[in-house]
Amino acid sequence: MRRIPRAGRLLATLAFPMIVGCNDRLPTLTGEGPFPVGGTATTIEHFIDSDSLLLAANVYDGPTSVDDFPGLLIANNFDGALNSHGLVKLGSFPDTVDVNGESDGDFTYLESEIVAFIPDTLSASAPALTLELWTVTQPWDTAAVSWENAVDQPGETVPWTEAGGTRGELIATAGWSLDDEEAADTLRWAVPGALVQSLADDGFPGLMVTLQDEDTQVQISTLRLQASISPSVDPDTTVISTISGGPQTFVFTPEPPRPPDVLRVGGVTSDRSIFRLAVPNELPGCPPPETCAPIPADSVILDRVQLIVDPVPVDSGFGPVQGLPVIVRRVLEPELGSLAPLAQEITRGIIPAARFTPAGVEPVRFALTNALTQAILNDDTELAVALLAPTASSFAFGWFAPTARLRILYTLPQTPQLP
């Protein structure tokens with residue numbers, strides 16, 4: 001009889017599809033799985049607690065900032081704490097317009113429209129919102145601005161007269177409703193022609209977007225101006241010029257909380273958490289409540305392995321409004337800490353926002369079947385994995401307790417019974 005080598009037995013699991021385990025809940029199974037010829041397979045569910053599993057758990061700030069955020073975050077006392085305003089300067093305005101092949105530099109701006117859109121309506125914390133467009137009366141540094149300071153850099157600090165941006169005139173409001181199919185996800189503010197002319201002046205400080213509604217937040221795109229122009233050579237013709245680009249950012253308060261006893265994932269800094277897991281070299285040789293000698297981990301078939309982590313409620317308005325996407329990746333040389341390189345992706349999933357609220361906290365599970373199988377094949381003693389969000393994909397954080405458990409579902413080896 002030919003004995004199947006251990007690599008052959010374990011590698012059988014590598015052909016299984018990878019399963020994202022954020023919401024997996026499987027019962028204890030027995031008598032299921034691959035069946036050897038002439039034998040009856042026994043499948044065991046085994047848990048490894050945090051004390052036996054976890055070698056270390058650390059959190060590291062990521063490499064991104066507000067500048068990498070895809071759009072503008074606007075908030076008004078969201079969750080009783082978070083405020084955020086969009087600050088906007090538009091790109092280059094035209095010096096001339098062409099009308100029927102003739103260039104005209106003596107034109108007049110008519111009433112125009114500033115437009116933005118909501119890239120993902122699930123990012124809105126309410127089904128209807130009103131966003132305000134203001135002029136800003138105080139110059140600000142596009143590369144170094146904060147909630148408290150119009151210029152905020154080493155050696156030079158200029159406070160805002162009004163924290164969050166010194167506002168001047170309320171230009172217009174734009175209403176949005178999830179039920180308004182005609183407007184869809186578009187925001188529109190009407191802008192008088194005289195103000196468009198002011199915006200074209202290089203010395204104009206810019207615009208600001210705020211939310212009128214209390215306890216709300218939404219992510220919007222950067223703004224663009226649809227400028228209506230009346231050329232002097234043909235006053236009956238209206239030319240539309242789209243002006244976009246220019247520095248656009250947002251400022252917010254308070255700073256993101258960083259409790260010392262939780263791990264973080266995401267945020268504008270793209271924080272990541274690293275778990276260093278002990279790789280088991282033995283597993284129980286029989287299902288509970290039976291007692292027997294353990295058997296080598298490389299002698300079983302790993303049907304499913306799940307890393308179980310516990311979410312923690314996120315406060316101050318920094319919790320996710322919609323599901324939080326999380327990626328699990330291998331970590332090479334974890335002893336390097338924040339400099340440890342990330343390897344291949346193991347799995348990914350979307351964690352419901354409710355998991356990060358006091359009422360909805362329950363464990364989250366990530367599938368590690370292939371990763372642990374490979375670690376056992378390599379005789380590794382440690383498996384390091386990083387939990388992180390797609391780079392700068394979300395303003396929100398996910399928080400986790402610095403503990404973890406491992407759920408292993410495996411099938412015992414069987415000796416074929418010949419007739």
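## Charged residues in close-up

View 1. Let's start with glutamate 214, which sits in the loop that joins strand 14 (207-211) to strand 15 (216-220); strands are DSSP runs (E, at least two residues), numbered from the N terminus. This is a predicted model, in which local features need pLDDT of at least 70, side-chain atom pairs count only at pLDDT 80 or more, and totals for chains, interfaces and linings use all residues. Residues are numbered from 1 along each chain as its sequence is written, and side-chain values use heavy atoms, with hydrogens and water left out. Glutamate 214 counts as exposed because its relative accessibility is 54% (buried means under 20% relative accessible area, exposed over 50%, partly exposed in between; 1.4 Å probe, protein chains only). Together with Asp79, Asp215 and Asp315, Glu214 forms a negative surface patch (patch residues have over 30% relative accessible area and no salt bridge, and like charges are joined within 9 Å). Asp and Glu count as negative here, and the place of a charge is taken as CG of Asp or CD of Glu.

**View 2. A salt bridge between arginine 407 and glutamate 45.** The closest N and O atoms of this salt bridge are 2.6 Å apart (the rule asks for a side-chain nitrogen of Lys or Arg within 4 Å of a carboxyl oxygen of Asp or Glu). The pair links distant parts of the chain, with arginine 407 in strand 30 (residues 405-411) and glutamate 45 in strand 1 (residues 43-48), 362 residues apart. Both arginine 407 and glutamate 45 are buried. By the salt-bridge rule, the count comes to 11.

View 3. A network of salt bridges links Arg264 and Asp271 with Asp61 and Arg258.

View 4. Arginine 276 and glutamate 382 meet through their side chains in a salt bridge (2.5 Å, N to O). Arginine 276 belongs to strand 20 (residues 272-278) and glutamate 382 to strand 28 (residues 382-388), so the pair links distant parts of the chain, 106 residues apart. Arginine 276 is partly exposed, at 22% relative accessible area, and glutamate 382 is partly exposed at 22% as well. Glutamate 335 lies in the loop between strand 25 (324-331) and strand 26 (342-351) and is exposed, at 54% relative accessibility. From C-alpha to C-alpha, glutamate 335 and arginine 276 are 9.6 Å apart in space and 59 residues apart in sequence.

Technical notes:
Patches are made of residues with over 30% relative accessible area and no salt bridge: like charges are joined within 9 Å, nonpolar side chains (Val, Leu, Ile, Met, Phe, Trp, Tyr) within 5 Å. Accessible areas come from the Shrake-Rupley method with a 1.4 Å probe; for residues, only the protein chains shown count as cover. Helices (H or I, at least four residues) and strands (E, at least two) are DSSP runs, numbered from the N terminus.
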